Amino acid sequence: MKRSTISDRLLLVTAVICTASLLFFANACNDKMGIVDADKGFPAESISELGQGYLIGFHGKPDENLIRGVGGHILRAYKNFPILHIDVPEEALQGLRDNPNVRYVKRNAILHSESS
């Protein structure tokens, strides 16, 4: 009877350690590749913003002050890409497109695939 209890406890401890390791690894991957809410400093939690605003690509490092300077705000900043997901007034779009540091400005959208 003791052998079964020890085995059960060992199995439980192993499962807890494996689960904790997986959660730690998943969090580390999210920090390296994930999406960061630039205004709040933590990963974004809401999917509702994904289809809103504009994506603005830069030739170099993203210029957050440029966006704030035209009355916009940053919804998301991407760590490994020179892109910002922004909300900006419509009248500021052409000025952003004409900026030599800006590669493109595109309306953000969620695309859906059709099933056959």
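Two strands are said to pair if DSSP finds at least two bridges between them, and helices (H or I, at least four residues) and strands (E, at least two) are themselves DSSP runs, numbered from the N terminus. The exercises below concern a predicted model, in which local features need pLDDT of at least 70 and side-chain atom pairs count only at pLDDT 80 or more, while totals for chains, interfaces and linings use all residues. Residues are numbered from 1 along each chain as its sequence is written, and side-chain values use heavy atoms, with hydrogens and water left out.

**Exercise 1. Determine the order of helices and strands, and describe how β4 pairs with β2 and with β3.**

Step 1. The chain contains 3 helices and 5 strands, and along the sequence these follow the pattern α-β-β-α-β-β-α-β.

Step 2. β2 and β4 pair in the antiparallel sense over 4 bridges, and within β4 it is I83 that stands opposite G57.

Step 3. β3 and β4 also pair in the antiparallel sense, over 4 bridges; R76 has H85 in β4 as its bridge partner, and the two strands form a hairpin with 4 residues between them.

**Exercise 2. Describe the largest nonpolar core and the place of I67.**

Step 1. A nonpolar core is a set of buried Ala, Val, Leu, Ile, Met, Phe, Trp, Tyr and Cys residues joined through side-chain atoms within 4.5 Å. Here, buried means under 20% relative accessible area, exposed means over 50%, and partly exposed lies in between (1.4 Å probe, protein chains only).

Step 2. The largest such core has 15 residues, of which I56, I67, L84, I86 and L96 touch the most other members. Two or more residues each come from β2 (54-58), α2 (64-69), β3 (73-78), β4 (83-87), α3 (93-98) and β5 (102-107), and the largest share, 3 residues, is that of β2.

Step 3. I67 is placed in helix α2 and is buried, with a relative accessible area of 0%. Leaving aside neighbours within four places in sequence, the contacts of I67 (heavy atoms within 4.5 Å) are with I56, F58, G72, H73, I74, L84, I86 and L96.

**Exercise 3. Locate the salt bridges and state how exposed the partners are.**

Step 1. A salt bridge is a side-chain nitrogen of Lys or Arg within 4 Å of a carboxyl oxygen of Asp or Glu, and the structure holds 2 of them.

Step 2. R68 forms one with E64, the closest N and O atoms being 3.5 Å apart. Both residues lie in helix α2, 4 residues apart, about one turn of the helix; R68 counts as partly exposed at 38% relative accessibility, as does E64 at 29%.

Step 3. The side chains of E90 and R107 form a salt bridge at 3.2 Å, N to O. E90 lies in the loop between β4 and α3 and R107 in strand β5, so this pair ties together parts that are 17 residues apart in sequence. E90 is partly exposed at 49% relative accessibility, whereas R107 is exposed, with a relative accessible area of 56%.

**Exercise 4. Decide which stretch has pLDDT below 50 and how it should be read.**

Step 1. pLDDT is the predictor's confidence in each residue, from 0 to 100; the chain has a mean of 76, and 64% of its residues reach 70 or more.

Step 2. Over residues 39-47 the pLDDT is below 50, although this stretch has 13 contacts in the model beyond near neighbours in sequence. Where pLDDT is low, the predicted coordinates should not be read in detail.
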